[in-house]
Amino acid sequence: MRATGLKLIGVIVGLAAAGVLIGLYVAKLTTEAGSAAYTVPVTTRGGHKVVDLRIETVAAVGPQLSPGHPDFVSYLVRDTQGKWLRRTVWRLPADATVHVTIYNFDGASGLRNPLYARPQGVDGNVMTVDGKTMDVLPPDDASHTFAVPAYGLVVPVAPVADDAKNQCDYAPCAMSTAHRTIQFTFHTGKPGHFRWQCFVPCAAGWIDGFGGPMQTIGYMDGFLNVV
Amino acid sequence: MPERVSESHGRRVIVAWIVLSVVATPLVAFVLGPHLPPGNGSAQASEQVFDNTWITAIVTPVVCLLVVFFVYALTQFRHRGGALVDGPPLRNDSRVQIWWISVTSLVVLFLAGFGTYELLQNGSGGGQGPDPIAIPKGHKIPVQVIAQQWQFTYRYPTYGGVETPELVLPADSYIELHVTSLDAIHSFWAYELGVKADANPGVDNIAYVKTKGPRTFHVRCAELCGLWHGYMFDNGRVVPMAQFTAWIKAQSRAFAPVAKYLPKYADVYYPDPQRRAG
């Protein structure tokens, strides 16, 4: 009888421990998206929080930043020292203005849904591409998108021309290599945990472009941890 | 003597079952029933609540019998020490078999007939494929639901084919939803409206819903569709017709720059292969 009781306690404890471990793993997976969160520096202008978020998109993340998948397409974020990090979870302040600059070193893939060719959810529903204001990008030209569905935010990313000289093979890409500069501004609201993603099926070599980096946390997607 | 004991057990079980059923069935039908999902957000949702109430009430006596028998067996037939011996032999009782088969057959046939009748009224908010057979009468506003990894977008063909990332529907109107997908298999589930329809690439899955008054409702994907399936959700709105008209005009203006790039409205879309993706 005593042995049965001990067995029962052992099973309960084992199940509880397994549940806790699975819970912790899932919690880490969903909040960290495979990498530690990068806290974007905040400045204050006129009492208002302002963030300057600099990110880049690269056709191949390279062995230095992703030894396991050097050929994966990826987003990267630039820290205050100008170093590019493969981190796709970004901590942003609530009720802040976020100025985003995307340096794109990748070519065109084309949008599956042309609706995303229209910048949405950003100031004026416009973006600038190499300094030129645009309210739409021809869908076939889109290289990627930066989208935060919970904010209704979508911005198409203009491509490097196929015949451009001095193209970047692997990240980190020097600014002297061919790239496009896309800029826009949006505003964070209440604290929360918002996923962002690319809507272009841009995973070269995978069926319909949907596999690999599009289905792996930490390359073409991540979270805005608004605190 | 053992037969008398056996009859006594049977009588007790039947009495307890009848008493429990008489108490539980009205409670299920009139207290629990109105709170069953999916609520009353549309005519179809209300019908589903009605159906769920009926079906739950009908199966309540069956559940009661199982519960009574289970509890009775646990308490009365429990081994309480002494040597383990075989119980009395079970003998066939054709009366019990006939009753059991007749009653359960009637219940199952009734539920099948009831469910079929209800489905044929207007499809009960379910996807009916490209050739629906339960088509409600009257004017219907078509709205196309386009699923893609990992967001739903919506096209309004009778309003110039404008496409938006938000689902807004006019109140007190019949809506004809055309559900399709641009990539993987998804499922459009507007919970409070009682609508659920698979979104398959290359398929126009039609579902009908009659909206009621203004409200918000949840939309989520109900088919495991990839990495961010769990985040494929949104909120929709039912608004008065005048507000809907103003909203659709505003959407047409907001998305005017991209209008020339949208494909002509079609039941399904076959986007060109990506330039570099396999």
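This is a predicted model: local features need pLDDT of at least 70, side-chain atom pairs count only at pLDDT 80 or more; totals for chains, interfaces and linings use all residues.
Residues are numbered from 1 along each chain as its sequence is written, chains are lettered from A and ligands numbered from 1 in the order in which they are written, and side-chain values use heavy atoms, with hydrogens and water left out.

**Chain A**

- Chain A has 2 helices and 14 strands; helices (H or I, at least four residues) and strands (E, at least two) are DSSP runs, numbered from the N terminus.
- The C-alpha trace of chain A spans about 80 × 45 × 35 Å along its principal axes.
- Of its 227 residues, 51% count as buried, a term for under 20% relative accessible area, with exposed meaning over 50% and partly exposed in between (1.4 Å probe, protein chains only).
- Contact means heavy atoms within 4.5 Å; among contacts in chain A between residues at least 6 apart in sequence, 72% join residues at least 24 apart.

**Interface of chain A and chain B**

- Chain A brings 44 residues to the contact and chain B brings 28 residues.
- The two chains bury about 3,000 Å² between them, with 56% of it on carbon and sulfur atoms; buried area is the accessible area (1.4 Å probe) that two parts lose on being put together, summed over both.
- A:Arg112, A:Leu115 and A:Arg195 supply 22% of the area that chain A buries against chain B, more than any other three residues.
- Across this interface there are 0 salt bridges, a salt bridge being a side-chain nitrogen of Lys or Arg within 4 Å of a carboxyl oxygen of Asp or Glu.
- Between the chains, 13 residue pairs are in polar contact (both at pLDDT 80 or more). A polar contact is a pair of N or O atoms within 3.5 Å; within protein, one must be able to donate a hydrogen and the other to accept it, and residues adjacent in sequence count only if both atoms are side-chain atoms.
- On the side of chain A that touches chain B, strand E13 (192-197) and strand E14 (221-226) of chain A are the elements that give two or more residues.
- That side divides into 22 nonpolar, 12 polar and 10 charged residues. Ala, Val, Leu, Ile, Met, Phe, Trp, Tyr, Cys and Pro count as nonpolar, Asp, Glu, Lys and Arg as charged, and the others, Gly among them, as polar.

**Domains of chain B**

- Chain B is assigned domain 1 (2-76 + 96-119) and domain 2 (140-275), with bounds from an automatic or database domain assignment.
- The C-alpha centres of these domains lie 39 Å apart, and 10 residues of domain 1 are in contact with 11 residues of domain 2.
- The area buried between the domains is about 800 Å², of which carbon and sulfur atoms give 45%.
- B:Pro38, B:Gly41 and B:Gln44 supply 54% of the area that domain 1 buries against domain 2, more than any other three residues.
- Between the domains there are 0 salt bridges and 7 residue pairs in polar contact (both at pLDDT 80 or more).

**B:Asn122**

- B:Asn122 lies in helix H3 (residues 94-122) of chain B and counts as buried because its relative accessibility is 5%.
- Its side chain makes a polar contact with the side chain of B:Glu47 (3.3 Å), and a polar atom of the B:Asn122 side chain lies 3.0 Å from the backbone nitrogen of B:Ser124.
- Beyond its neighbours within four places in sequence, B:Asn122 is in contact with residues including B:Gln44, B:Tyr174 and B:Tyr208.
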